[in-house]
Amino acid sequence: MAKIGIFFGTDTGNTRRVAKLVAKKLGAAADNPVNVNKASVDDLLAYNALILGTPTLGDGELPGLSAGAQAESWEEFLPQLKGKDLSGKVAALFGLGDQQGYGHEFVDAMILIYDQLVECGATLVGAWPTEGYEFEASKAVVDGQFVGLVIDQDNQSDLTEERVDAWLEIINPLLTD
Ligand SMILES: Cc1cc2nc3c(=O)[nH]c(=O)nc-3n(C[C@H](O)[C@H](O)[C@H](O)COP(=O)(O)O)c2cc1C
């Protein structure tokens, strides 16, 4: 069975930790998570099933140098996907944010990855309900749901594991079909 590829961006390590938790839960079904700043586009395109994680930094931005991150990240990687054909690939997104500190742009960066993948023809799975979060606005809400799993390590870290478990139950059959 082909493995699931997990790629993440991070500034302070929260998204890496969630990526590792996701990988641990998936066991043999997934390869070890890779920081996008160490990945090539071909590395990502090698998988037919993908899990992609990002925090939101700056003002609702992807992690990367212009958002003040310590290293390159999704901001620098994502434009390289432009024009690539991801049709036939299935992808699920997870995003980290801080609903109390950034409630007007909560997990906004997820939508940037979502839109790029849709433009490339990928099938996106793993939309996630907005219940259980308190925020004013999020660009990552489409048709009343977040476009992927939302994790808030700043305010709700006690819910992270159960959220990951519930989300994996939804996406696992869709990614491993
Ligand atoms: C400078 C800065 C800007 C942030 N901007 C946002 C934001 O616009 N929206 C949001 O939901 N969270 C925002 N956050 C919260 C982070 O996304 C959150 O702390 C996340 O867990 C960081 O993940 P990382 O450790 O993988 O970098 C911001 C955090 C910092 C430090």
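Residues are numbered from 1 along each chain as its sequence is written, and side-chain values use heavy atoms, with hydrogens and water left out. Local features of the predicted model need pLDDT of at least 70, side-chain atom pairs count only at pLDDT 80 or more, and totals for chains, interfaces and linings use all residues.

Helices (H or I, at least four residues) and strands (E, at least two) are DSSP runs numbered from the N terminus. Of the 7 residues of strand 4 (residues 90-96), 7 are buried, so this strand is largely enclosed by the rest of the structure; buried denotes under 20% relative accessible area, exposed over 50% and partly exposed in between (1.4 Å probe, protein chains only). Val-90, Ala-92, Phe-94 and Leu-96 point one way, whereas Ala-91, Leu-93 and Gly-95 point the other way.

Two strands are taken to pair if DSSP finds at least two bridges between them. Strand 4 pairs in the parallel sense with strand 3 (residues 49-55) over 7 bridges, and Leu-96 is the bridge partner of Pro-55. Leu-96 is also the bridge partner of Ile-151 in strand 9; strands 4 and 9 (residues 149-151) are parallel, with 3 bridges. Strand 5 (residues 123-125) runs parallel to strand 4 and is joined to it by 3 bridges, with Ala-92 opposite Val-125. The chain passes from strand 4 through helix 4 (residues 109-119) to strand 5 in a right-handed β-α-β crossover, meaning that, with the strands pointing away from the viewer, the path from the first strand over the helix to the second runs clockwise.

An open antiparallel sheet is formed by 3 strands in the order 6-8-7. Strand 6 (128-129) and strand 7 (141-142) each have a single partner strand at the edges, so one side of each lacks a neighbour in the sheet. Val-141 stands opposite Phe-146 in strand 8.
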